[in-house]
Amino acid sequence: MTSDLTHQGVSFDDKPLGFNTLSIHLGNGVDAETGAIRRPITLANAYALPYDPSDINWSSSDVNLYTRNGHPNQRYLEAKLAKLEGAEDAVVLASGVAALSATFTTFLNRGDHAVFSDTTYIAAYRLLEQILPEKYGIETSIVDTSDPANVAAALKPNTKLVHIETPANPTLKVSDIKTIAALVHDHNPEAVVSVDNTFNSPFNVRPLDLGADIVIESLTKYINGHGDALGGAIATTKERTDQIRFTAQVNYGGIISPFNAWLINRGSVTLPLRMRQHNASALAIAQRLESLPQVRFVAYPGLESHPHHDVAVSQLARPDAGFGGVLAFGLDTDHDGHNRFVSKLNVITSAVSLGHDESLIVFLGEDDERQYLYPEEFHRGFFRLAVGLEDTDDLIRDIDHALAEAGLA
């Protein structure tokens, strides 16, 4: 007889299982039909009904009914992510943006007020700054959440949600989750604090442990880790996930495909191993860039020179956690000089996204629509570098070589 204790994340004694063990075993199990020790991909759109289906709740997501309502591969992944985030439950949807919009549209109604970080992923910015106010009558305030006093000053009697992105994309500003959550809940215990934790992953930071109510992850990034599947997750209480499933999954149709859920579950088993490499390489590269005279600035929370370094350190989830694989930097050159540098890179790829096995770089020029919200040093154009899993020395040599070949060394 096989034991299912490990696959449920339960130890045989009172000692909690480690993050590595949980990443491998949660969401997995023995297939009852074949005995396979990996969960299969269930691609069916519909499932057999009972003899008398007349009393079925056709909007239920708790049973196998219709794939838009929910499916096995989604639930396996949700069970894993809830435990890794330290949550009661999790919802997995089609993308990180689907997870963001599901959170906002589920917990905000006409006449409500929301506060959000001044630097967020572009879709979150547009949802909160434009779409929700203009189409749905939801009031929003954009503030620099790296200073909790700004959040406190923005709170109103009708504030129902405060959304933090930390570290912020692409400026790498860090917000104090614990302090912000405390002041929001003191103001209104019913208000929810949501945190986009994509740049950290639950290996580095667990926002729910710091007082947040909702944690959002773009599964497309670190948790998948292979750059081949889209997904988004919301981890929170079961009461909230029930609301999200009804609103965003069953009725808005934001369901993740079974194949993408299976791919992300597969990729997630190596999350802790990958994050250690991302963390170590990014710190080494940030330190190297900071030492170069042709580099105007480097933004990375792991650097002691980062203005929010101490806050970032205080939020780390475990002794071997780090500061993620994303950093920003600008060169002491003009627009064309930045592009020449990218054209001379051989190992690092010019492409968007992050959390992949390969390193990705994108040049963000002077005309970004959020430019006015960025610190001054970002206004002359800059790079967002998502450090991958290549040998650290190869990445540093690639950067040094490109600087020389671009005439910038």
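Two rings of Phe, Tyr or Trp make a pair if their centres lie within 6.5 Å. I kept that cut-off at hand for the first entry, and I kept in mind that this is a predicted model.

**Aromatic rings**

I searched the whole structure and got 11 aromatic pairs. Are Tyr-374 and Phe-382 buried or exposed? Tyr-374 is buried, with a relative accessible area of 5%, and Phe-382 is buried too, at 0%.

**Nonpolar cores**

Next I looked up the largest nonpolar core, which has 57 residues. Which members touch the most others? My list reads Leu-81, Val-151, Val-162, Val-184 and Leu-219. Helix H6 (residues 177-187) gives this core its largest share, 5 residues. Apart from this core I found another, of 31 residues, including Ile-285, Val-295, Phe-323 and Ile-396.

I zoomed in on Val-151. Skipping its neighbours within four places in sequence, I noted contacts with Val-143, Thr-145, Val-162, Ile-180, Leu-183 and Val-184.

**Val-215**

I found Val-215 in strand E6 (residues 214-218). Its relative accessible area is 1%, so I put it down as buried. What does Val-215 touch, not counting residues up to four places away in sequence? I wrote down Glu-85, Val-195, Asn-197, Pro-207, Leu-208, Ala-233, Ile-234 and Ala-235. I also checked Val-215 against Ile-348: they are 133 residues apart in sequence and 30 Å apart in space, C-alpha to C-alpha.

**Gln-294**

Gln-294 lies in the loop between helix H10 (271-290) and strand E8 (295-299). With a relative accessible area of 15%, Gln-294 still counts as buried, because the cut-off is under 20%. Leaving out residues up to four places away in sequence, I have Gln-294 touching Gly-330, Leu-331, Asp-332, Leu-403, Leu-408 and Ala-409.

In soluble globular proteins, nonpolar side chains tend to be buried together. Which residues make a nonpolar surface patch? Leu-5, Val-10 and Phe-12 do, and the patch covers about 310 Å². Leu-5 sits in the segment before helix H1 (19-25). I noted Leu-5 as partly exposed, with a relative accessible area of 36%.

Methods
Residues are numbered from 1 along each chain as its sequence is written. This is a predicted model: local features need pLDDT of at least 70, side-chain atom pairs count only at pLDDT 80 or more; totals for chains, interfaces and linings use all residues. Side-chain values use heavy atoms; hydrogens and water are left out. Patches are made of residues with over 30% relative accessible area and no salt bridge: like charges are joined within 9 Å, nonpolar side chains (Val, Leu, Ile, Met, Phe, Trp, Tyr) within 5 Å. Accessible areas come from the Shrake-Rupley method with a 1.4 Å probe; for residues, only the protein chains shown count as cover. A salt bridge is a side-chain nitrogen of Lys or Arg within 4 Å of a carboxyl oxygen of Asp or Glu. Helices (H or I, at least four residues) and strands (E, at least two) are DSSP runs, numbered from the N terminus. Buried means under 20% relative accessible area, exposed over 50%, partly exposed in between (1.4 Å probe, protein chains only). A nonpolar core is a set of buried Ala, Val, Leu, Ile, Met, Phe, Trp, Tyr and Cys residues joined through side-chain atoms within 4.5 Å. Contact means heavy atoms within 4.5 Å. Rings of Phe, Tyr and Trp (its six-membered ring) pair if their centres lie within 6.5 Å; planes under 30 degrees apart count as stacked, over 60 as edge-to-face and the rest as tilted.
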